[in-house]
Amino acid sequence: MKTVPDDLDTLERRIDGLRTRVRAAVRDRDLSLARELRGELRKAERAWDLQVSSPPEPRGETAVRQQGRARTGPPVRERVRDALGLLQVPAAGRLVVSVYEAFFSESLKSSQLSTLRRDEERTFRRSPYGRPHYVCAALTDRLTPSRGLLAVSTWPQERRVVGPRSPRVDFLLSTMRVAARVGELDEPSEKAWRLLARMARNVPEAGGGFGEPEPDVVVMAAEAELAVHLEADTRERAELAERAGRQLDEAGRLFGATTLSEIARKAACA
């Protein structure tokens, strides 16, 4: 039997492959194939969400501690991880809060995120990989932590760095994920509709005017623009990820270099 990490790795590779095929179908104007592939992509993404939201049943003292926490809901770091798991790209705290409140049952406040990344970094440095995942920082082209952008430690390095085109690419990908989730739900919440409408207004041809936008239209419009930027952004991110691998230690690859002089020193020694 495969372990959960193996299952997640397989699903993530399938998701990445399907996204590539969807983009190719959109570029070729093969809308029928694009819709079919998006259906497969949504199934794979739902399977991924199920894997990360269904940990093994706890036993003994762990179960007792978790039962005590159940009355107040999951920890903030888990709520942030769930929202980022839906988006699958680095995101600012404001978007993380909006996504969580639109699609999950508990509340999440921006004030709860103020020290989260620093707390996660301290925990990692005390006991590296003591947890299955950490809420970490997206890294800039200087390999320093991007101000306010959160990511998940289990993502590939290429997804945890941001180049010049990355903010737009990640916004389009986020919009597609939100639209896809709204389209899957029988009765999306009012917050979900408002979030989708707000994001759709910033995508040409997405129908983000008055009234509720159509999720499929939003996805298609975002995919069309994404095809323009994605290749260059993917190349730039791969170069940044390669630099991060050479110049940063394990903690730095998750939380960024503390100073530019540290990067220069490690680059000289590489």
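A salt bridge is taken here as a side-chain nitrogen of Lys or Arg within 4 Å of a carboxyl oxygen of Asp or Glu. In this predicted model, the side chains of Glu 120 and Arg 77 meet that description, with 3.1 Å from N to O. The pair links distant parts of the chain, since Glu 120 belongs to helix α6 (residues 116-126) and Arg 77 to helix α4, 43 residues apart. Both Glu 120 and Arg 77 are buried. These two residues also take part in a network of salt bridges, in which Arg 77, Glu 78, Arg 81, Asp 82, Glu 120 and Arg 131 are linked. By the stated rule, the count for the model comes to 17 salt bridges.

| Glu 120 | Arg 77 | 3.1 Å |

Glu 236 is buried because its relative accessible area is 17%, a value under the 20% cut-off, while Arg 165, at 35% relative accessibility, counts as partly exposed.

The pair of Glu 184 and Arg 181 lies within one helix: these residues are three residues apart in helix α7, and are therefore separated by about one helical turn. Glu 184 is partly exposed, with a relative accessible area of 24%, whereas Arg 181 counts as buried at 15%.

Helix α4 (residues 76-87) and helix α7 (residues 166-184) pack at an angle of about 100°, with their axes 8 Å apart. Because angles from 65 to 115 degrees count as roughly perpendicular, α4 is roughly perpendicular to α7. On the α4 side the residues are Gly 85, Leu 86 and Leu 87, which meet Ser 174, Arg 177, Val 178 and Arg 181 in α7. By class, this contact of α4 with α7 has three nonpolar, two polar and two charged residues.

Within α9 lies Glu 225, which counts as buried at 17% relative accessibility. Leaving aside neighbours within four places in sequence, Glu 225 is in contact with Arg 168, Leu 172 and Pro 204.

How far does confidence extend along the chain? The protein chain averages a pLDDT of 84, and 82% of the residues score at least 70. Over residues 1-6, however, the pLDDT stays under 50, and the model has three contacts for them beyond four places in sequence. Residues 55-71 also have a pLDDT below 50, and this stretch has three contacts in the model beyond near neighbours in sequence. Where pLDDT is low, the predicted coordinates should not be read in detail.

Technical notes:
Residues numbered from 1 in each chain as written. Predicted model: local features only at pLDDT ≥ 70, side-chain atom pairs only at ≥ 80, totals over all residues. Heavy atoms only, no water. pLDDT = per-residue confidence, 0-100. Contact = heavy atoms within 4.5 Å. Axes fitted to C-alpha atoms, helices over the stretch in contact; angles between N-to-C directions. Helix = DSSP H or I, 4+ residues; strand = E, 2+ residues; numbered from the N terminus. Parallel < 35°, antiparallel > 145°, perpendicular 65-115°, else oblique. Nonpolar A, V, L, I, M, F, W, Y, C, P; charged D, E, K, R; others polar. Buried < 20%, exposed > 50% of the residue type's maximum accessible area, 1.4 Å probe, protein only.
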